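Welcome! Here are some friendly notes to read alongside the model, point by point.

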Amino acid sequence: MRTVIVNMKDYIFSDAVSKALRSDPSCDFNVLRASSSSELLNCVAQSDPFAVLMEVNEMPPYTFDERLKTVDLIKGNCPKCKVVFVVDENSEKGVAANVREAKKAGIIDQFIYGSVSADYLIALTDTL
């Protein structure tokens, strides 16, 4: 079973993402939710996750720069962990551009837009 940690500001969105990842029995994900950056880092240290899905937006502590610091801490503790940024491409256009550049530069493993379907989210996470 592969552990995926979901760290998002919006509890409803986080819950929907978590349920979507659990819904496909062929993927066999153990999904944990972390409500803060410190809780996220504790979960990483305790569970050696396959992937971390982190929301990025313009509000602290979810800003692009703060998330990059968190990526460094995650990769330092768990180098094989895949990091995926989730961004709203409609309301966060500047952040979305930064996220795309981070992917191009190899800083993160993948990104997704908040508007993707649950099926796409599951397939993308499964193929990391």
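Is Asp109 buried, partly exposed or exposed? The answer comes in point 5, once the surroundings are in place.

1. A word on the source: please keep in mind that this is a predicted model.

2. Start with the sheet. It is open and has 5 strands, arranged in the order S2-S1-S3-S4-S5 with parallel pairing. Strand S2 (29–33) and strand S5 (110–113) are the edge strands; each has a single partner, so one side of each has no neighbour in the sheet. From one strand to the next, the twist averages 20°. Further in, S3 (residues 51–55) pairs with S4 (residues 82–87) over 5 bridges, and Leu53 is found opposite Val84 in S4.

3. Now look at the helices on the sheet. Helix H2 (residues 37–47) touches strands S1 (2–7), S2 and S3, and its direction makes about 175° with that of S1. Helix H3 (residues 64–77) lies across S1, S3 and S4, at about 165° to S4.

4. Next, the aromatic rings: the whole structure holds 3 aromatic pairs. Phe29 and Phe50 have ring centres 6.5 Å apart and planes at 25°, so this pair is stacked. Because Phe29 lies in strand S2 and Phe50 in the loop between H2 and S3, the pair ties together parts 21 residues apart in sequence. Both Phe29 and Phe50 are buried. Elsewhere, Phe111 and Tyr113 make an edge-to-face pair, with 5.5 Å between centres and 65° between planes. Phe111 is buried at 18% relative accessibility, while Tyr113 is partly exposed at 23%.

5. Back to the opening question, by way of the salt bridges, of which there are 5 in the whole structure. Asp109 meets Lys75 in one of them (2.9 Å, N to O). Lys75 belongs to helix H3 and Asp109 to the loop between helix H4 (93–104) and S5, 34 residues apart. With 25% relative accessibility, Asp109 counts as partly exposed; Lys75, at 24%, is partly exposed as well.

6. Two further salt bridges deserve a look. Arg33 and Asp15 meet at 2.6 Å, N to O, linking strand S2 to helix H1 (residues 11–23) across 18 residues. Lys104 and Glu101 pair with their closest N and O atoms 3.3 Å apart, and both lie in helix H4, about one turn apart. Lys104 is exposed, at 65% relative accessible area, whereas Glu101 is partly exposed at 45%. Finally, salt bridges with shared partners join Asp15, Lys19 and Arg33 into one network.

Conventions. Residues are numbered from 1 along each chain as its sequence is written. This is a predicted model: local features need pLDDT of at least 70, side-chain atom pairs count only at pLDDT 80 or more; totals for chains, interfaces and linings use all residues. Side-chain values use heavy atoms; hydrogens and water are left out. Two strands pair if DSSP finds at least two bridges between them. Helices (H or I, at least four residues) and strands (E, at least two) are DSSP runs, numbered from the N terminus. Axes are lines fitted to C-alpha atoms, for helices over the stretch in contact, and angles run from 0 to 180 degrees between N-to-C directions. Contact means heavy atoms within 4.5 Å. Rings of Phe, Tyr and Trp (its six-membered ring) pair if their centres lie within 6.5 Å; planes under 30 degrees apart count as stacked, over 60 as edge-to-face and the rest as tilted. Buried means under 20% relative accessible area, exposed over 50%, partly exposed in between (1.4 Å probe, protein chains only). A salt bridge is a side-chain nitrogen of Lys or Arg within 4 Å of a carboxyl oxygen of Asp or Glu.
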